[in-house]
Structure formats: structure tokens, C-alpha cells
Amino acid sequence: MRHPELLVPASCLEVLKTAVIFGADAVYIGGEAYGLRAKAKNFSMAQMAEGIVFAHEHDVKVYVTANIFAHNRDLEGIEAYFQELKELRPDALIIADPGVFMIAKRVCPEIERHISTQANNTNYETCRFWWEQGAKRVVSARELSLAELRELRVKIPSEMEIETFVHGAMCISYSGRCLLSNYFTGRDANQGACTHPCRWKYAIVEETRPGEYLPIEENERGTYIFNSKDLCMIEHIPDLLEAGIDSFKIEGRMKTALYVATVARTYRRAIDDCLKDRALYEKNLPWYRSQISNCTYRQFTTGFFYGKPAQESQIYDSNTYIKEYTYLGIIGERIEEQPAGTDRKSIQDDSDKTETLPCVHSGADCDRDARNTSRFVPAHGNGAGQEKLESTEAGSTSSWYRIEQRNKFSVGETIEVMKPDGRNLQATVLGIRDEEGYPMESAPHPKQKLWVELSCNAEKFDLLRRAEG
């Protein structure tokens, strides 16, 4: 039995690092051009370089998407782009277009070439063709069943790898080659600019009765006729292993760090448990089910793996995600609070200048007077360059963590610390301070850099989240 790779998407550097820490064997990313997720944050060349170094330091591979269907105007730019990637040394390029494939083969032959699912890889002769051209791997079409994948494995070279989507959004069009977005909005899905019209709400209008909207199903609200459920194979890992798939791929190159951490951690444990002991995997199925729903999703289906999907694979009454948790931030630097007495404090820098501190801001109507003082101060003489919090609360000692906020939370809230090893720790937010050290009652501003005091221990790259409902 092959030992499959867990391949996880990353929209940006933060998410790449999260994927690596939470269990990915490989990460796939996109640059600022020539991939099929133009609306994702994507990576600059500098960010890509940093991400590749970080991943390789953790023995994780990085694949770069270049899977647009190119026009003549794209080709010179693609060649220059591959020249740059040659210096960064990613582990593979994911390509759909034969012309783009030949440019990659000429410019950077040392980088593996993987054939994107956009190329409609539905049979073993197609796979053999790409193998003869120099491809190392094919990403199978989502329309293949497990029976077809097993046959594919038997009839292609054993050295050729099969990568298959096992989790995430399903495109309503054949292998993602959709024209709806281009028709409705002028934004071409095959050039990376899909507006997802498959998620829009539709009804029928008879041409002689304008304004009379007739529901397609017996539902007064109309219907989302193209709206597929999300693929999820967490309960079928043994079948995927027995099919001989080399890489289990997670969809979601526009998803948050919370989504990526949740899915990567759950599949990592499920794969490892199943390879170790089938009984252990079956015993832990309730845990996998509970964890995989802790990020946004649209109900689950097994797609085409067990035959052609029926009506129950669609969602007709809504296009919204189910959301059980809200992403708050990622743990960065940790500092310890320095115990202090109740006397007024000051900050002293390396030049012995003393700054008198304003008071703690205890409420919206409070002027920052001299009633109390509390602020971060440099910890000199320890050679570590770290900071410690000096407070007027006598005898108190606790840990503070630097984060970049993603959604609002407040002092006193109960949140969760999500750890890569599978633990989810409840924590109370004991304090919030801005970058300058001033206390805040809540963190309402997206991407604000903060210090947060928690009631439990956390480590770098742990995620903070809040249960909803």
C-alpha cells in the first residue's frame, strides 16, 4: 500500500505556515499571475521564496500553480515567470495547458511538472500521454469513481503519481472548465477570475410574463440549481488508500488559516491512524466527523467516488456556508508579565531617557489620567531582545501573546486555542493591549496587532477561534 501525501492549499504566507505546522506533507500555492485563483491573496516572489524556505525547513514540499489556459499574449510572461521560479526551486509546477507545459519543460526541466485537473485527466491513455511528455503526476478529474481510479493505477506506469481531490468545494462544470462566469460578468474562470455564478439563486421567467419568477423546484424562494455540496472523504480513507492514490488533495486556495488548520489536522490524523491500524481509524471516526465540521462548509457529499451523484448532492435552498467557529488569530511571540508593585512606573530606554506613562484606559468615557499605569516595557540585559509586561497589579504573573486580529473578540470571552496535536483548549481572554501596551476592552479592528493575555498556555502557530451558536 502506498503512503499518501497530504496536499493542502495556501492563499498566503500565513496560511502556508499554518498548513505546514498542522500536518501537510506538501502545500500548493499560486503566484500573482497564471494561476486559477486570481481573487486569492496569492504570493509575491519574495513571499514565495520565504514560504518555500519555511516549508523545506520542515520537510514539506511546495507546488506552484500555473494552470491557466494561456493565450498568445500570456506566453512571454509565462516564460519569464518560470525563469524566476527556477531560482526559487519549488518542488513542482501544476500545469493544464500543453503550451505552458512545454515552456516549463524547456526553461526549468529540473522542476517536476504535474498535470492539473483542469486538463480533464479521465483515462489511463491520457495519463500515459502526459507521462511520455515528461509529467511526473496527474491530478485526476473529480468525475472519476474509485473503480476508475483503481484501474488507472494498474494501467499507468507505477512511477507516475495520482493526485486526487478528497475534500472541498465541487465545481458544477466538468473538471472546472466553466463558461458561466465569463458569460455573465466577463471574468474568465479559465483565466483565474471565476465569480462563482454556480452559487447564485435562479428561477425561471416565461418570456411573455416578465417579472413573474417561477421556482424550478417546489420552493417559493427559488432554487440554487448549480449549487453542489462540498466533497468530504474523511469517513472513507481506507477506500482511498486501497485505490492507490499518491496524494490526497484538499481544495481551498482562497480559504482562511482556520479552515486549512482544521482540515489538515483532521486528515493528517485520519491518514496516520488508518495506516497504523484500521481499527484505530474506525474507533476515532466520531472525532474526525466532529472536527471536520469546525470550519465553514456547505454540507458534505462523496462526489463521484461511489458513482454518479444524485439529487441529494445538490443544495437547492441556500448558498451559504455552515459556520460553527469564527477565526480570531494566530499565536505569535509569547512574553511573560513581570510582577510589579503598585507604584507608578516609567519606561527607560537604552539612552536612559524616562517617559512618564499615561493611565490605564478603563472605559470609553475615561480620560487617560493618572489613576493607574500599565504598559509593556523592554526587558534589558537578557540578550534575547524580548519584551516583558510591567503592570501595577501587585504579584501577578501571566503569559501574553502577540496576534494579528482577524475577527472581533473581547476581554472576558471564552475562546479556544486550537493546537496542531489535536487538542482544543478552552481559554478566557484575561486582557487585550494594543501595540503600545495600552489596555483595550475589545479588539474590533481587523488585522490590528495586539497582545492578548490568556488563561491557558499557548505556543507559536496555535490558532485562536470562537464557537458560534
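This is a predicted model: local features need pLDDT of at least 70, side-chain atom pairs count only at pLDDT 80 or more; totals for chains, interfaces and linings use all residues.

Mentor: Rolling a probe the size of a water molecule over the atoms shows where empty space is left. In this structure, 3 cavities of 30 Å³ or more turn up. The volume of the largest cavity is about 70 Å³. Its lining is made up of 13 residues. Those nearest the centre of the largest cavity are Ala 141, Arg 142, Thr 164, Phe 165 and Phe 305. Sorted by class, the lining comprises 8 nonpolar, 4 polar and 1 charged residues.

Next, the helix packing. Helix α5 covers residues 124–133 and helix α6 residues 146–155; they pack with their axes 9 Å apart, at an angle of about 40°. That angle makes α5 oblique to α6, since roughly parallel would require an angle under 35 degrees. The α5 and α6 crossing is right-handed.

The other pair is helix α1, residues 13–21, and helix α9, residues 257–276. Here the axes are 9 Å apart and the angle is about 15°. Because angles under 35 degrees count as roughly parallel, α1 and α9 are described as roughly parallel to each other. α1 passes α9 in a right-handed crossing.

Asn 120 is not a glycine, yet its phi is positive, at about 60°. Its relative accessibility is 18%, so Asn 120 counts as buried, the limit being under 20%. Asp 59 also has a positive phi, near 60°, and is a residue other than glycine. Its place is the loop between α2 (45–57) and β3 (61–65). Asp 59 has a relative accessible area of 74% and is therefore exposed, as the class begins over 50%.

Finally, Asp 74 lies within helix α3, which spans residues 72–88. Asp 74 has a relative accessible area of 10% and is buried. Along the chain, Asp 74 and Tyr 34 are 40 residues apart, while their C-alpha atoms are separated by 8.3 Å.

Notes
Residues are numbered from 1 along each chain as its sequence is written. Side-chain values use heavy atoms; hydrogens and water are left out. Helices (H or I, at least four residues) and strands (E, at least two) are DSSP runs, numbered from the N terminus. Buried means under 20% relative accessible area, exposed over 50%, partly exposed in between (1.4 Å probe, protein chains only). On a 1 Å grid over the protein atoms alone, a cavity is a set of points where a 1.4 Å probe fits but cannot get out, and a pocket is an open set with protein on both sides within 12 Å along at least five of seven lines; lining residues have an atom within 4 Å of a point. Grid points are joined across faces, edges and corners, and a volume is the space filled by probe spheres set on the points. Ala, Val, Leu, Ile, Met, Phe, Trp, Tyr, Cys and Pro count as nonpolar, Asp, Glu, Lys and Arg as charged, and the others, Gly among them, as polar. Axes are lines fitted to C-alpha atoms, for helices over the stretch in contact, and angles run from 0 to 180 degrees between N-to-C directions. Angles under 35 degrees count as roughly parallel, over 145 as roughly antiparallel, 65 to 115 as roughly perpendicular and the rest as oblique. A crossing is left-handed if the near helix is turned anticlockwise from the far one by less than a right angle, and right-handed if clockwise.
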